[in-house]
Amino acid sequence: MDAKELQKWQREKAKELFDYSHTLLEAAKKLSEHHLAEIEWGMKNALDSAKSAAKNDLAKLKDLQEEAAKETAKRAAAYQKKVKSVLKDLGEGAADETEKHLEKVRSSLVTWLEDAENKMPAHADKLSKVVHEMSVTGQNMFKEGRRIVNQVAETAEKSIDDLVKKSPTKKKSDES
């Protein structure tokens with residue numbers, strides 16, 4: 001790799017890092033907007049509860065607490081979905097970038113082997129076939145690993161959702 005190629009590669013890496021830092025900043029912005037909304041809602045709920053307690057209106061206070069508990073559960077589920085979405089987008093982006101880099105490495109390796117074949121005698125073609133097959137197998141393993149990770153994440157998400165759905169009905173039956 002000569003100096004010009006190295007500089008070009010460094011510029012590409014700097015741009016990729018800048019783009020990725022921008023992506024992370026956007027993810028943090030989305031999550032912090034949700035946190036701010038949660039803080040505002042919590043402050044409003046606390047103010048309403050304090051007013052009811054000051055008026056000694058225990059029935060209204062109990063109603064406010066029950067309503068807040070229901071709203072909190074809904075908001076927590078919405079937040080969980082938002083976080084999952086942001087993390088999934090980040091994960092897919094990172095996996096796409098990794099796959100792109102692996103393809104570049106594989107391509108460079110194949111090019112190098114083709115050049116080496118011309119310079120090496122006799123069994124160079126066998127070596128290049130082995131390395132080529134190994135690189136293709138590695139690329140396929142990465143894709144399969146990515147598929148498996150996504151499948152496991154979806155299964156875990158479904159299990160959590162099922163658990164959350166079962167949990168409130170159990171509490172209701174305990175109260176009866």
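Q: Where is the place of H34?
A: In this predicted model, where local features need pLDDT of at least 70, side-chain atom pairs count only at pLDDT 80 or more, and totals for chains, interfaces and linings use all residues, H34 sits in helix α1, which covers residues 3-54. Residues are numbered from 1 along each chain as its sequence is written, and side-chain values use heavy atoms, with hydrogens and water left out. Helices here are DSSP runs of H or I with at least four residues, strands are runs of E with at least two, and both are numbered from the N terminus.

Q: Is H34 buried or exposed?
A: H34 counts as buried because its relative accessibility is 13%; buried means under 20% relative accessible area, exposed means over 50%, and partly exposed lies in between, with a 1.4 Å probe and protein chains only.

Q: Which residues does H34 touch?
A: Leaving aside residues up to four places away in sequence, H34 touches R75, Y79 and K82, where contact means heavy atoms within 4.5 Å.

Q: OK, and R75, which residue does it meet in a salt bridge?
A: The side chain of R75 meets that of E71 in a salt bridge, at 3.5 Å from N to O, the term being used for a side-chain nitrogen of Lys or Arg within 4 Å of a carboxyl oxygen of Asp or Glu. Both R75 and E71 lie in helix α2 (residues 58-119), four residues apart, about one turn of the helix.

Q: Which residues are linked with R75 in a network of salt bridges?
A: E38 and E71 are linked with R75 in that network. E71 itself is partly exposed, because its relative accessible area is 27%, and its C-alpha lies 9.8 Å from that of W41, although E71 and W41 are 30 residues apart in sequence.

Q: How many salt bridges are there in the whole structure?
A: A search of the whole structure finds six. Among them is the pair K13 and E16, whose closest N and O atoms are 3.6 Å apart.

Q: Why are K13 and E16 separated by about one helical turn?
A: Because they are three residues apart in helix α1. K13 and E16 are both buried.

Q: And how far apart are K44 and D48, N to O?
A: Their side chains meet in a salt bridge at 3.1 Å, N to O, and both residues lie in helix α1, four residues apart, about one turn of the helix. K44 counts as exposed because its relative accessibility is 52%, whereas D48, at 23% relative accessibility, counts as partly exposed.

Q: Switching topic, which residues gather in a patch of negative charge?
A: D57, D63, E66 and E67 gather in such a patch on the surface. Patches take residues with over 30% relative accessible area and no salt bridge, joining like charges within 9 Å and nonpolar side chains (Val, Leu, Ile, Met, Phe, Trp, Tyr) within 5 Å. Asp and Glu count as negative and Lys and Arg as positive, while His and the chain ends are not counted, and the place of a charge is NZ of Lys, CZ of Arg, CG of Asp or CD of Glu.

Technical notes. Areas by Shrake-Rupley, 256 points an atom, 1.4 Å probe, with all protein chains shown as cover.
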